[in-house]
Amino acid sequence: MNFEFLVFSVSISALLAGCSTVSPTAGVRMNQIQVIGTHNSYHQRAHDSLMKLIALYKPQAARDLDYGHPPLPVQLSEFGIRQLELDCYADPQGGRFAHPLGPVAAAKLGFAPVPSNDPNGELLKPGIKVMHIPHIDFGTSVLTLVDGLKEIRAWSLAHPHHIPIFILIELKGETLRPDFTPVLPWRKPELAELEGDILSVFPPNAIIKPDDIRHGAQTLPEGLREHGWPLLDSVRGKVLFGLDNDGTERDLYLQGHPALEGRLLFVNVQKGSPALAWTEVNDPIQDFAQIQMLVKDGFLVRTRADEPTETARANDVRMRDHALASGAQFISTDFPVPNLTFSPYCVQLEGKIVARSNPVNGSANLLGRDLEK
């Protein structure tokens, strides 16, 4: 062989080998990380007049509701949030929540006028609405579920390398006062609308679904034992949905789909259920050992770092530190950044990274590395 050609070939091979780098997250599965989420991610602090009104009747409630979040894309970009929560109300005819009573009551008491939260009349249209409590604590950065999903989808498309975003849906069905507009129950048509809204924004191949985890097994736990969660690098740019409810709405969603066959959302169930892949354990102090066991057994867990605002007011880090050490993959907070009128309290990963190696089932070799990068 010609010597010059041999040297040229070796040089090219070396160059190609140098270009072939292994992803630092190769081999890491999506349950082997930990991220920060926000509680009631859409929530806007109520207008001062509404806060005064709430405080007249329930002072502690006013303290509990004294928080708010920036728009969803800001949380995703600037705070590195990868678990979002949206509270949803059925409104198939439209207009059910278009005329809140709180501003009227505040005006009668001589409080400053409350600006309209819906200047364009979006609440008059049919569709699932997003808010915390109708009439009194209805401030939201997204008026409808579709609005919120569109914001997340647009951000996702602009950042295709992101790790999966977990979107938690809570279906609200309780009417707090007899003089409030009755909240509609979630029945099969409303649940079908929920899935329809999701699919109107996210194509199926952008969603990690229960069927993707079960792999044809009879139950989700069997599928996880056989195959595990997908490799993290294979599901970048995707989302998954969880149903927060653990009562009537969840049971209706499972009806005819005991292992979530053909369903879009994972559900909040306990051990022994054929639908268990993800669950909530919201007290990381009392249930620390339970969370660690669930994580070791291959399940996803969401827990809370603080509730309601008293944790932050007291700068009490015990719940936060237990949550982070528990291995729960999703740590939910009202304070991804400090509210300095309360204290320096906040919930962030070291170095403000987006995703870290899970302290219970992750690789020690990846400690300190941002696994989203």
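These legends describe close-up views of a predicted model. In this model, local features need pLDDT of at least 70, side-chain atom pairs count only at pLDDT 80 or more, and totals for chains, interfaces and linings use all residues. Residues are numbered from 1 along each chain as its sequence is written, and side-chain values use heavy atoms, with hydrogens and water left out.

**View 1. The whole protein.** The secondary structure comes to 13 helices and 10 strands. Helices (H or I, at least four residues) and strands (E, at least two) are DSSP runs, numbered from the N terminus. The radius of gyration, taken over C-alpha atoms, is 23 Å. Of the 373 residues, 53% count as buried. Buried means under 20% relative accessible area, exposed over 50%, partly exposed in between (1.4 Å probe, protein chains only).

**View 2. Surroundings of Leu145.** Neighbours within four places in sequence are left aside here. Leu145 is in contact (heavy atoms within 4.5 Å) with Leu86, Cys88, Ile128, Val130, Ile169, Leu194 and Asp197.

**View 3. Glu280, buried in strand S7.** Strand S7 spans residues 278-280. Glu280 has 12% relative accessibility, so it counts as buried. Its side chain makes polar contacts with the side chains of Asn282 (3.4 Å) and Arg302 (3.4 Å). A polar contact is a pair of N or O atoms within 3.5 Å; within protein, one must be able to donate a hydrogen and the other to accept it, and residues adjacent in sequence count only if both atoms are side-chain atoms. Beyond four places in sequence, Glu280 is in contact with Leu168, Asp244, Asn268, Gln270 and Arg302.

View 4. From S9 (residues 330-333), Phe330 and Ser332 point one way. Ile331 and Thr333 point the other way, and all are buried. Strands pair if DSSP finds at least two bridges between them. Strand S1 (residues 33-38) pairs with S9 in the parallel sense over four bridges. Thr38 has Thr333 as its bridge partner. Strand S8 (residues 300-304) also runs parallel to S9, joined by three bridges. Here Arg302 has Phe330 as its bridge partner.

Definitions and conventions: Rg over C-alpha atoms; globule rule 2.2 N^0.38 Å.
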